[in-house]
Amino acid sequence: MCLAIPARLTELLDAEQAIVDLGGIRKQVSIALVPEARVGDYVIVHVGHAIGQIDPEEAERTLAMFGELAAAPAALETTP
Amino acid sequence: MKYIDEFRDGDLARKIAERLHDEAQGRSYSFMEFCGGHTHAISRYGITELLPANVRMIHGPGCPVCVLPIGRIDLAIRIALEHGAIVCTYGDTMRVPASDSLSLVRAKARGGDIRMVYSATDALQIARQNPQREVVFFAIGFETTTPPTALAIRTAHRERLSNFSVLCCHVLTPSAITHILESPEVRQYGTVPIDGFVGPAHVSIVIGSAPYEHFAQEYRKPVVIAGFEPLDVMQAVLMLVRQVNEGRHEVENEFTRAVTAEGNLTAQALVAEVFELRPSFEWRGLGEVPYSALKIRPAFASFDAERRFGLGYRPVADNKACECGAILRGVKKPTDCKIFGTVCTPENPVGSCMVSSEGACAAHYSYGRFRDIPVRVEVAA
Amino acid sequence: MTTARKNYQRPLDIRNGRIDMGHGAGGRAAAQLIEELFIAAFDSEGLRQGNDGATFEVPAGHRLVMATDGHVVSPLFFPGGDVGSLSVHGTVNDVAMCGARPLYLAASFIIEEGFPLAELKRIVESMAAASRAAGVPIVTGDTKVVERGKGDGVFISTTGIGVVPHSVDIGGANARPGDAVLLSGTIGEHGVAVLSKRESLDFETTIESDSAALHTLVAAMLAAAPGAVRVLRDPTRGGLATTLNEIARQSGVGMMLDEAAIPVLPQVDAACELLGLDPLYVANEGKLVAVCAPEHAAAVLAAMRAHPLGGRAVRIGIVTEDPHHFVQMETRFGGCRVVDWLSGEQLPRIC
């Protein structure tokens with residue numbers, strides 16, 4: 001049951017429900033499991049529930065890591 | 001789509017693939033990806049082709065539909081056909097083959113009121129709209145899917161819904177991994193030389209990275225928790241190769257944008273409130289696995305379908321020719337199964353590995369079958 | 001005669017009336033329904049004659065093409081269309097996919113007792129508008145009523161007749177290795193639009209069905225390079241993937257596609273991600289796939305792009321020699337995968 005998608009929280013309806021936007025699609029989901037989520041945050045939605053949040057800084061760092069390793073093979077050479 | 005498209009970039013993929021080719025030298029590597037979502041990503045994006053030939057991915061039992069034993073689906077079918085309840089379940093469960101050539105979709109054709117839902121809350125809504133009928137939510141899934149079920153039960157409890165119950169088949173990831181590592185094949189015969197694990201993405205959002213420390217230390221196997229997108233998977237494989245090369249066996253987190261060490265505490269607390277451990281649970285292909293599944297606590301007993309309908313679990317042996325068990329343990333490949341692609345196809349699945357698109361057999365059939373057969377692709381100049 | 005009849009007959013109560021068993025019985029109520037609702041909307045020479053069937057001439061040098069389709073879409077009304085307009089477009093397109101010019105339509109209605117007349121009128125008027133816009137009149141028809149509970153509101157079956165010159169040979173078995181595979185535009189909109197109205201899925205989108213009549217697009221393509229187009233098919237149920245697999249099997253060939261070339265609207269992509277669907281398998285009702293001789297692909301594409309329904313036409317792949325008839329695809333990611341037949345109904349994937 002691993003299909004989960006990052007979507008942007010656009011509107012809080014009440015303590016437990018919110019509207020999220022994914023590429024222009026809007027859907028109501030439960031945020032009962034991520035009570036600290038706020039408008040503008042990206043939450044990870046699974047079977048109609050937000051189960052976690054995306055940390056934007058970590059996302060940037062991860063993307064940079066993909067690129068970094070690609071760009072500098074010599075510096076990261078490992079010894080067997 | 002933000003946080004999705006960037007992680008599917010083909011140029012970055014090629015670069016990571018080059019690094020892998022450089023660093024995976026001099027030996028062969030076997031890594032098990034536990035999560036069905038990862039299996040699907042590997043197939044759908046053709047990642048196998050991008051990996052060096054000496055790095056092999058073994059598909060583990062991370063597909064909750066695949067590990068559901070026939071006996072459990074029989075229970076759901078009985079509830080629908082014999083007790084006349086409305087049975088709600090997720091999409092992939094509908095076609096899993098059960099006893100007497102039945103499945104939920106076939107039981108529906110026989111008159112069972114079986115409905116596909118997208119979420120546990122949909123099942124709750126059906127219960128509210130049909131106060132005269134019993135409504136049962138057939139709950140399957142790993143730790144990612146368990147909190148939504150817990151939420152549904154707690155909500156039903158608060159609203160005093162008297163016609164709603166849950167047939168709970170939620171299973172636990174760490175126990176499954178331990179069971180594979182403990183299996184005779186691995187420990188004694190070294191048949192499945194698993195060098196490391198790609199840890200599940202979304203399960204880890206809920207449980208955190210801490211629970212994997214145990215395997216890394218006790219079994220001296222590296223674990224890299226990987227995000228869901230294909231770049232995440234490739235990066236994780238690279239990190240595993242490096243750990244093996246450097247003789248390390250640690251838990252590393254590639255999916256830092258969503259996974260923390262302690263995980264989602266709100267979700268964990270909710271699950272602990274509603275569920276408790278079953279001493280043992282039958283997994284398809286793995287037999288009885290101790291402390292690997294959940295059942296509903298006595299405080300919420302009225303929402304436990306097994307108690308409510310007085311159902312006794314009857315284990316059913318798998319089809320003799322079906323190699324799902326060996327495939328789920330990573331001991332055999334789909335093409336090792338005699339009935340793969342002939343008797344057992346997505347239209348006529350014999351075992352669960354073929355039903356769910358995450359299953360090793362379904363994924364290989366849909367995406368990778370062409371690699372087994374030499375195909376001459378002739379393109380006019 | 002009509003005036004005299006009207007003095008003794010109350011007009012249909014469109015606002016509040018419902019279909020009852022009398023409307024299908026062939027008597028006065030049935031005749032009134034047909035005259036005030038159907039004929040008033042469709043208004044064709046064939047229908048005005050009031051016979052059991054319609055007659056017409058076949059132009060010399062042509063073969064006849066006939067196609068039929070049943071329409072059971074649920075819900076009946078969806079963004080961008082309804083079962084009525086769909087039934088016109090679908091059959092016009094089936095005829096056009098044989099390289100034929102569609103001439104006439106027949107429409108048969110099976111209506112459930114209790115179905116509101118207001119909704120029926122809406123559907124019929126939508127059909128009439130689609131038929132007029134396409135220039136393909138409905139010349140004969142039938143109405144039956146079934147008891148409540150035995151029909152899903154209304155089922156419409158349409159049959160189309162068209163003509164194709166003897167010189168034109170278009171069919172699913174004609175694809176040859178080396179041929180170009182062309183697609184007329186973005187995929188997945190019809191399926192997503194219909195799904196968005198299903199209660200249990202409940203998501204908001206501005207996506208509309210792409211339901212449209214494609215016969216003038218086909219005519220433009222055939223005129224641009226006579227003899228070049230070998231196969232035409234519209235990817236309806238089962239989507240693009242199913243259509244390509246059908247052609248591959250019929251022609252005894254394989255295909256190699258380029259994923260990056262296949263256009264998908266961002267919202268369709270997003271909806272499919274959310275639901276766990278693959279756009280390749282989602283239904284379209286206003287798109288076509290063409291297989292044509294490679295040396296004429298550019299001319300055919302130019303003709304498509306000049307037509308309002310082909311603005312985003314693109315070459316998506318090539319036909320290959322393959323005894324296994326696999327449709328393969330180079331993924332955007334750099335790997336290669338098989339695009340297989342659909343297995344069972346595509347259920348929204350949760351895993």
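**Close-up views of a predicted model**

**View 1. Helices α6(B) and α7(B) are roughly parallel to each other, because the angle between them is under 35 degrees**. The axes (lines fitted to C-alpha atoms over the stretch in contact, with angles from 0 to 180 degrees between N-to-C directions) of α6 (residues 120-129) and α7 (residues 146-159) of chain B come within 8 Å and cross at roughly 25 degrees. Helices here are DSSP runs (H or I) of at least four residues and strands are runs (E) of at least two, numbered from the N terminus. B:Ala120, B:Thr121, B:Ala123 and B:Leu124 in α6(B) meet residues of α7(B), including B:Pro148 and B:Ala152; contact requires C-beta atoms, placed from the backbone, within 7 Å.

This is a predicted model, in which local features need pLDDT of at least 70 and side-chain atom pairs pLDDT 80 or more, while totals for chains, interfaces and linings use all residues. Residues are numbered from 1 along each chain as its sequence is written, and chains are lettered from A and ligands numbered from 1 in the order written.

**View 2. Chain A touches chain B through 33 residues, which contact 42 residues of chain B**. On the side of chain A, β4 (42-46), β5 (49-53) and α1 (56-71) each supply at least two residues. Helix α1(A) gives the most, with nine.

**View 3. Helix α9 (residues 266-275) of chain C is largely enclosed by the rest of the structure, since seven of its ten residues are buried**. A buried residue has 20 or more other C-beta atoms, placed from the backbone, within 10 Å of its own. Among the buried residues are C:Val268, C:Cys272 and C:Leu275. Just after α9(C), C:Gly276 takes a positive phi of about 75 degrees.

Conventions:
Angles under 35 degrees count as roughly parallel, over 145 as roughly antiparallel, 65 to 115 as roughly perpendicular and the rest as oblique. Two residues are in contact if their C-beta atoms, placed from the backbone, lie within 7 Å. A residue is buried if 20 or more other C-beta atoms lie within 10 Å of its own, exposed if 12 or fewer, and partly exposed in between; C-beta atoms are placed from the backbone.
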